[in-house]
Amino acid sequence: MTLLDVWLSRSLPMWLLLQSLVLMALCFPSASMCPKGCVCQRFDLHHLHLHHQGLNVNCSQSRLKEIPGDLPVDTVVLRLDRNHIAAVPDRIFRGLALLRELNLSYNAVETLGEGAFSGVEATLQALDLSHNRIASVHKDAFARLKARVVVDDNPWHCDCALQQAIGGMAHNHEAAARVLCRSSELLDQEGRPFLAVDTDLCNLAKRTTDYAMLVTMFGWFAMVISYVVYYVRQNQEDARRHLEYLKSLPSKPKKPDEADDISTVV
Ligand SMILES: *[C@@H]1O[C@H](CO)[C@@H](O)[C@H](O)[C@H]1NC(C)=O
Ligand SMILES: *[C@@H]1O[C@H](CO)[C@@H](O)[C@H](O)[C@H]1NC(C)=O
């Protein structure tokens, strides 16, 4: 046996193992595979004296129509800005336990559901939603979010739900201050900053319904009353005319005539 033979016989199993590992890696995308159209880069992360690596996933200007479903689980910074993303599906970022920065600015997002950022509430530190088409959000869309949220340049519709959503991120006055009402429940608020709106829009909606109910009830009541009044008046008039007619009759009227009159009264 030569030395080469010995080496081959020992390393052959190793080779096979290595080959199957490579095959497996190709078949099953690993956690850190970069989504199509994005550029992924590792960077050093210093956090609480711990030293570990973070993953920067840059999908900026990638003509994306939706958020990639295969984002690496160790993503720390995610740039999705300047794409054509129209929706943020509930729980789409749920697996990203290390996500700190999310940039969704310059997209076509129209609304945010209750669970848009569920799973990343505690870790997310910066969220950029500026330059989208957001008019309204679920009242709990920003609830429990600790991130600094930027919401500038969206066509906000100022209503009760928005008041509740902003109330949910009370610590985030900076963001709230930049919400401009494109349209509103109250006409005079259009174009005004949302924080300057001091009306309680939720109670307003309730009050409006109450008021409508009251007006309707009053309307019905007035109709019934006027009908009763009209009916009584009409009857009084008839009775009076009849009495006069009876008085104007000769003292001994013919019987058939009288019978005829009585039937008219009845
Ligand atoms: C991300 O990608 C965009 C466009 O491809 C590029 O302009 C930008 O410099 C990149 N940013 C980072 C932080 O890598
Ligand atoms: C998000 O990306 C835009 C550019 O597309 C940039 O202007 C903005 O500063 C970024 N936001 C954050 C919070 O880094």
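A disulfide here is a pair of cysteine sulfur atoms within 2.5 Å. Counting the bonded cysteines along the chain, the links follow the pattern 1-3, 2-4, 5-7, 6-8, and there are four disulfides in the structure. Keep in mind that this is a predicted model.

**Stop one: Cys38 and Cys59**

Now colour the elements on either side: Cys38 is in the loop between helix H1 (3–27) and strand S1 (39–47), while Cys59 is in the loop between strand S2 (50–58) and strand S3 (75–79). The pair links distant parts of the chain, 21 residues apart. Buried or exposed? Both Cys38 and Cys59 are buried.

**Stop two: Cys158 and Cys181**

Next, pick Cys158 and Cys181, which are joined by a disulfide with an S to S distance of 2.1 Å. Turn the view to look along the bond: with -95 degrees about S-S, the link of Cys158 and Cys181 is left-handed. Cys158 has a relative accessible area of 0%, so it is buried. Cys181 is at 1% relative accessibility, and so counts as buried too.

**Stop three: Cys160 and Cys202**

Now select Cys160 and Cys202, another disulfide, with the sulfur atoms 2.1 Å apart. The link of Cys160 and Cys202 has 100 degrees about the S-S bond and is right-handed. It connects distant parts of the chain: Cys160 in helix H2 (residues 160–168) and Cys202 in helix H4 (residues 201–248), 42 residues apart. What about exposure? "Buried" requires under 20% relative accessible area. Cys160 has a value of 21%, so it is partly exposed. Cys202, with 22%, is partly exposed as well.

**Stop four: residues 211–232**

In the model, residues 211–232 are 100% helix and 0% strand, with 31 Å between the end C-alpha atoms.

**Stop five: ligand 1**

Centre on ligand 1 and show its surroundings: Asn58, Ser60, Gln61 and Arg79. By class, that shell has no nonpolar, three polar and one charged residues. Draw a distance from the side chain of Asn58, where an N or O atom is 2.4 Å from an oxygen atom of ligand 1. Then try Arg79, with a polar side-chain atom 3.3 Å from a nitrogen atom of the ligand. Taken alone, ligand 1 exposes 360 Å², and the protein buries 44% of that.

**Stop six: ligand 2**

Finally, move to ligand 2. Which residues surround it? Select Asp81, Arg82, Asn103, Ser105, Tyr106 and Asp128. This shell has one nonpolar, two polar and three charged residues.

- Asp81: a polar side-chain atom at 2.6 Å.
- Arg82: a polar side-chain atom at 2.9 Å.
- Ser105: an N or O atom of the side chain at 3.5 Å.

Ligand 2 exposes 360 Å² when taken alone, and the protein buries 60% of it.

Note on methods. Residues numbered from 1 in each chain as written. Chains lettered and ligands numbered in written order. Predicted model: local features only at pLDDT ≥ 70, side-chain atom pairs only at ≥ 80, totals over all residues. Heavy atoms only, no water. Helix = DSSP H or I, 4+ residues; strand = E, 2+ residues; numbered from the N terminus. Buried < 20%, exposed > 50% of the residue type's maximum accessible area, 1.4 Å probe, protein only. Near = heavy atom within 4 Å. Polar contact = N/O pair within 3.5 Å; in protein donor to acceptor, adjacent residues only side chain to side chain. Areas by Shrake-Rupley, 256 points an atom, 1.4 Å probe, with all protein chains shown as cover. Nonpolar A, V, L, I, M, F, W, Y, C, P; charged D, E, K, R; others polar.
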